[in-house]
Amino acid sequence: MRYYGLHSRDGNPAVPFLKGLQLMIATRLLFLLCISAIGVSAATTASAEPLHVYLTYSGAPETSIDINVIEPDNVQGVEIYYDTAPHGGDTKAYPNKADAEYHQTLLEKADGRTIHVAALTGLKPGVTYYFVAGEEKHGFSKERAFRTLPGGTAPFRFVDGGDMGVDGHVVPLLTIAAKQNPDFAVIGGDIAYEDKLIGFKIWDQWLSNWEDHMVTADGRTIPLVVTIGNHEVQDTADPGLEAQSPWYVGLFGRQGPKIYHEFRVGENAVWFLLDTGHLVPYQGEQSEWLARRLDTNKNMKYKFASYHVPLYPAHRPYDLDESQLGRATWGPIFDRYGLTAAFEHHDHVLKRTKPLKGGKVVGKGQGTIYFGDGCFGKGARTVDPAVRWYNDVEKAIPHFWLVDVANEGLRFKAMDEKGGTVDEFALP
């Protein structure tokens, strides 16, 4: 047998050959490990970014936006770099910078994550802005974009839906909704279907779904206007609002000074985002506030409300306790100030009521129309064989509502996950 290698002095070539082979293998392994480590390091650096970035409002949508940044731990110095022109994520190229404010929440107890919010103000109406968000330790987000509302009486578009979750029909519906290029989305509660503090995996999936799929054709991230539902509230003896609803309060608790709040768009439209008894009772403080704000906005052309439990359900019983309470408490206020439309959720079906006032059907333009009822992800429930007396349309189908608001009128369209139109209505 012949050996290929160095020969020893005693003529036995095997030992030096094996030692040389071992050295060669060790050197090769070390080289591969170094290359692998460099690759992992490069990949980690390239993918380093905040856990999530999402957009909300706490000010006028024509001149402001809230950029919410979720970091994996309590880092300092979270920054937003932005401009009216794209710069591909190069932080040095953006002429504008804003510091994000750290907000202590109970979510830190879940896995150490922290929330930082930059409330950008003084923006130009009707302009697209490009931005990155983050800090040095965990890196910056990829470049994203948003567009301020045009203001005045200029037209705008929004989508409304609720009862989402993280699977089922969610992603197809989000994809179709984003293709409609809305200016913002109103979500009427039962968002991720997770109320417990330890539910970060489900909320991470919901936020990722939104970040990945609620992006318009021209690359704009769609801002959120959110109300609370029953699946955002956990059973606890702690009376604090954040203890009862750590995720909703932690993620969306800065939209207004209260859980219920007002959202005004331009000179023509105002929303009243209400709590159907989940953290705040229907009666008392909330209904008094609603009456005051509707009175202040009585001359506003379009007055909308969005909330979770329907006053006029299409699946649950008409005499459901919460629905009766809503009709008795808020119904007269809606009637007194001429609420244009209410967006209801909770029942997981499609419905559109006739114009209603004083608990009766009235002529078109003389009462409030109630649109609903959730099903922006969850599977549809059943509707009655015969349409209820107060409804024009009832269907068991996942959907969202697309609404065009213009000075000359409103157009409402319900769309399914294939992009089909399943109901249409116009005012006047």
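Author: A working term before we start: contact means heavy atoms within 4.5 Å. The model is a predicted one.

Reader: Fine. What does R220 touch, leaving out residues up to four places away in sequence?

Author: R220 touches T128, A145, F146, R147, N181, P182, M214 and V215, with residues up to four places away in sequence not counted.

Reader: And where does R220 lie?

Author: In the loop between helix 4 and strand 12, which covers residues 224-227.

Reader: Is R220 buried or exposed there?

Author: Buried. The cut-off for that is under 20% relative accessible area, and R220 has 3%, so it counts as buried.

Reader: Which side chain makes a polar contact with R220?

Author: That of D218; the polar contact between the two side chains is 3.3 Å.

Reader: N181 was in your list of contacts. What phi does N181 take?

Author: A positive one, about 55°.

Reader: Then helix 3. Which of its residues are buried?

Author: V170, L173, L174, I176, A177 and A178 are buried, in a helix that spans residues 170-179.

Reader: What do the buried residues of helix 3 pack against?

Author: Helix 4 (200-213), strand 22 (400-406) and strand 23 (409-415).

Reader: How do helix 3 and helix 4 cross, right-handed or left-handed?

Author: The crossing is right-handed. The two axes come within 9 Å and cross at roughly 35°.

Reader: Which residues meet there, between helix 3 and helix 4?

Author: From helix 3, V170, V171, L174, T175 and A178; from helix 4, N209, W210 and H213.

Reader: Change of topic. How many helices and strands are in the chain?

Author: There are 9 helices and 24 strands. The chain has 428 residues, and 52% of them count as buried.

Reader: What about the accessible surface of the chain?

Author: About 18,700 Å², with 53% belonging to carbon and sulfur atoms.

Reader: And contacts between residues at least 6 apart in sequence: what share joins residues at least 24 apart?

Author: 70% of them.

Reader: How do strand 13 and strand 14 run, parallel or antiparallel?

Author: Antiparallel, joined by 5 bridges; strand 14 is residues 269-273. F263 stands opposite W271 in that pair.

Reader: Move along to strand 20. Which way do its residues point?

Author: I369 and F371 point one way, Y370 and G372 the other, and all are buried; the strand is residues 369-372.

Reader: How does strand 20 run against strand 16, parallel or antiparallel?

Author: Parallel, with 3 bridges to strand 16, which is residues 341-343. A342 stands opposite Y370 there.

Reader: And against strand 17, parallel or antiparallel?

Author: Antiparallel, with 2 bridges between strand 17 (residues 350-353) and strand 20. R352 has F371 as its bridge partner, and K351 has G372.

Reader: Last item, S245. Where is its place?

Author: In the loop between helix 5 (241-244) and helix 6 (246-252). S245 has 0% relative accessibility and counts as buried.

Reader: Which backbone oxygen does the S245 side chain reach?

Author: That of E232, at 2.6 Å. Leaving aside neighbours within four places in sequence, S245 is in contact with I228, E232, V233, G250 and L279. Its C-alpha atom is 6.3 Å from that of Q234, 11 residues apart along the chain.

Terms used: Residues numbered from 1 in each chain as written. Predicted model: local features only at pLDDT ≥ 70, side-chain atom pairs only at ≥ 80, totals over all residues. Heavy atoms only, no water. Buried < 20%, exposed > 50% of the residue type's maximum accessible area, 1.4 Å probe, protein only. Helix = DSSP H or I, 4+ residues; strand = E, 2+ residues; numbered from the N terminus. Pairing = 2+ DSSP bridges. Areas by Shrake-Rupley, 256 points an atom, 1.4 Å probe, with all protein chains shown as cover. Polar contact = N/O pair within 3.5 Å; in protein donor to acceptor, adjacent residues only side chain to side chain. Axes fitted to C-alpha atoms, helices over the stretch in contact; angles between N-to-C directions. Left-handed = near helix turned anticlockwise from the far one by under 90°.
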